[in-house]
Every structure is written in C-alpha cells, then in structure tokens.
Amino acid sequence: MNLEGKAGIVTGAGRGIGRAIALLMAKEGASVIVNDPGAGRNGEVTTERPADEVVAEIAKTGAKAVANYESVAHYVSAGRMVAQCAETFGKIDFVVNAAGVLRERMIWNMTEDDFDTVIAVHLKGTWNMAHHAIKLMRRERLGRIVTFSSDAFKGSVGQCNYAAAKAGIIGLTRTIARECGPYGITANAMCPFAATRMTVNDAVIANWKRRVEAGLLTQAEFDSRMAMPGPEFVAPMVAYLCTDAAKDVNGQIFHAEKSHYHTYAYGEVARSIYKYENNGEFTVDELIKLIPSSLMAGIANVAPAKEA
Ligand SMILES: NC(=O)c1ccc[n+]([C@@H]2O[C@H](COP(=O)([O-])OP(=O)(O)OC[C@H]3O[C@@H](n4cnc5c(N)ncnc54)[C@H](O)[C@@H]3O)[C@@H](O)[C@H]2O)c1
C-alpha cells in the first residue's frame, strides 16, 4: 500500500495504460478520479462509458474511485475535474495524464482538424490538467505530475501531429519540474510501449504491413510490435513516481515496457565545433567544408531522397 492516503486523477483511465494505472494506484491505496469520456481512437464522440467499468472494478476491491467523463482538451472541464478530486477526496496529490487520441496521416494529407485535435488532447490537455492541479498542489507543497510522451518524440512517419505534441510534452514536463520542484511537486514524462487499442488493432496492423512492404519498417520492428506486451507492465513505474519515495525523481523522461525501463538523456550536447577567429563568426563556406567531417561525421540522412 505505497499510496495509502493519496488521492488524484488518472486521465484516459477507461482503457489501455490509463486503466492499468488506475487499477494499480487503487490497489496501492490511492483514491482515484477515473477520467474518460469514452472517445473513439480518433477522438470521435461515442456513447461508451469505460470509466464506469473501471470504477466498478476498483469498488469491488474496497478502494475509492469516482468516474469523470470530461475532456482534458477543454480548459474549463479540466478545472472541474481537479475541483471534483479536491471536493470528493479533500485533496489532490497526483495527476497522471494518460488520455490520448491518434489521427495518422502524412503531413501533406493531414487536415488542420487532425493536427489541432491531437495537439488539443495531448499537449494542451496535459497543460490544462497540470495548470489547474498545480494551483492546489503548490499550497500543499506536495504533488506528482506524470505526463505521457512517446518514443514518437524522436520523429515518427505518419504522426507529425502526435510527435510534435509528444515532444512538446517533454518540454512542458521538464519546465514544470523546474518551476514546481521547489514547491515539492515533481513532473516526469513516460514513453510507454504497450498493446492497447491505440497501438494494436486491425487497421494499425494493416498499416504496418504496408510500411514493411514500402521499406519504412523492418520485419524485426514489425515482429516486435506484434509481440507488444500489455499496459500492466507500464503501471508500476507510474505508481512509483507518485510515491513519497520518488520525491527527488524530477524532470526525467522514462521509457517503460515489459521487463525493461530506461531513461532518456534528451537535449544532451552530442558534438560541438568552435570558432575563435573572426569574432567567433562562422562563414557558410567554412561550414560547407567543416560540418561533414565534424558535427555530421558518420551521421546518415534519416530518410535519403529516392528516385521518383
Ligand atoms: N500504447 C502505447 O504503446 C503508447 C506508446 C506511446 C505513448 N502512448 C501514450 O500513452 C497514453 C495512453 O494510451 P493508450 O495506449 O492506453 O491508448 P488507449 O486508446 O487505449 O486509451 C486512451 C484513452 O484516452 C481517452 N481519451 C481520449 N480523448 C480524451 C480526452 N479528450 N479526455 C480524456 N480522455 C480521453 C480514450 O477514451 C481512451 O480510453 C496516450 O497518451 C498515448 O499517446 C501509448
């Protein structure tokens, strides 16, 4: 019971990783607001209420959980969610941002709505939740923000909206960590790898097959995606980050999957060149000569041009 007496919110907790986290947090003694509007994979409105099922599952164990059906993408709704937690449980110790949608298209086919929707749920939604929760956490000088980034932050074909949101979440998380650490609040980002409806479904598998045929995905990558482990392996790391024991784990990026967690050193300087003459000003001619043998030595184009 490592979270005994704690209370907080897990967003997108009706399914997938959020659900696994809500169940584990409750098992560890926390009271949980189980948020999920029951959105479709692409963010479409449905009549599904998966939050109710998770609340019922938690209730069977004797732990406390209450459903919330609002969208993290709306500033006012996120504020209501935080208020609901404070009113229901008398406090808010953690916010875990596991809500998510996908709209996958190459940049030239992506609509403005595809871009805006994904940014709204992931990046703006994470900011909305943190913004409202931290106002209360700061008064208590205690809090945990766990955000969900993705390995897609490195760049991911067909996901420019999602990759941009996930990279943005890293900058947001690391800034929250620096701003709020002095108030006893930590913020860390997770990059999970788990089989959920987001990652493994018929349409996705068909798309992976097409990518293998087009040489955009190796067969080994395809096989590893097909053998993706469940979301329950991600949840322990998130629960750990919300414990008192993790009070000095702050501003980090974690990758989590079955039997393997690692950190990312994002933003570390890799290579440098210096200019001492000419007031430190490089010329373009110098760069044309210098860069291939220094900053870019041995580094290949991530996607070289092909014949049309
Ligand atoms: N599964 C993976 O391997 C993987 C990899 C990288 C990142 N992630 C991230 O992990 C998080 C969880 O993803 P998942 O795989 O469990 O997906 P999932 O589709 O199984 O669950 C996401 C849940 O978020 C809910 N949701 C959608 N829009 C919402 C909104 N506006 N407000 C609140 N909830 C909303 C959905 O209803 C759904 O139940 C997401 O942020 C996702 O981007 C997942």
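A residue is near a molecule if one of its heavy atoms lies within 4 Å of it. The model described here is predicted.

**The ligand and its shell**

There are 30 residues around the ligand, and I17, D36, Y162, A194 and T196 come nearest. By class, this shell is made up of 14 nonpolar, 11 polar and 5 charged residues.

| Residue | Protein atom | Ligand atom | Distance |
|---|---|---|---|
| S71 | polar side-chain atom | nitrogen | 2.9 Å |
| R197 | N or O atom in the side chain | oxygen | 3.0 Å |
| G100 | polar backbone atom | oxygen | 3.2 Å |

On its own, the ligand has 830 Å² of accessible area, and the protein covers 97% of this area. Two or more residues of the shell around the ligand are given by each of the elements α1 (16–27), α4 (112–140) and α5 (160–180).

Y75, V76 and W127 together make a nonpolar surface patch of about 280 Å². Of these residues, Y75 has its place in helix α3, which comprises residues 75–89.

Is Y75 buried, partly exposed or exposed? Buried means under 20% relative accessible area and exposed means over 50%, with partly exposed in between. Y75 has a relative accessibility of 35%, and therefore it counts as partly exposed.

Definitions and conventions. Residues are numbered from 1 along each chain as its sequence is written. This is a predicted model: local features need pLDDT of at least 70, side-chain atom pairs count only at pLDDT 80 or more; totals for chains, interfaces and linings use all residues. Side-chain values use heavy atoms; hydrogens and water are left out. A polar contact is a pair of N or O atoms within 3.5 Å; within protein, one must be able to donate a hydrogen and the other to accept it, and residues adjacent in sequence count only if both atoms are side-chain atoms. Accessible areas come from the Shrake-Rupley method with a 1.4 Å probe; for residues, only the protein chains shown count as cover. Helices (H or I, at least four residues) and strands (E, at least two) are DSSP runs, numbered from the N terminus. Ala, Val, Leu, Ile, Met, Phe, Trp, Tyr, Cys and Pro count as nonpolar, Asp, Glu, Lys and Arg as charged, and the others, Gly among them, as polar. Patches are made of residues with over 30% relative accessible area and no salt bridge: like charges are joined within 9 Å, nonpolar side chains (Val, Leu, Ile, Met, Phe, Trp, Tyr) within 5 Å. A salt bridge is a side-chain nitrogen of Lys or Arg within 4 Å of a carboxyl oxygen of Asp or Glu. Buried means under 20% relative accessible area, exposed over 50%, partly exposed in between (1.4 Å probe, protein chains only).
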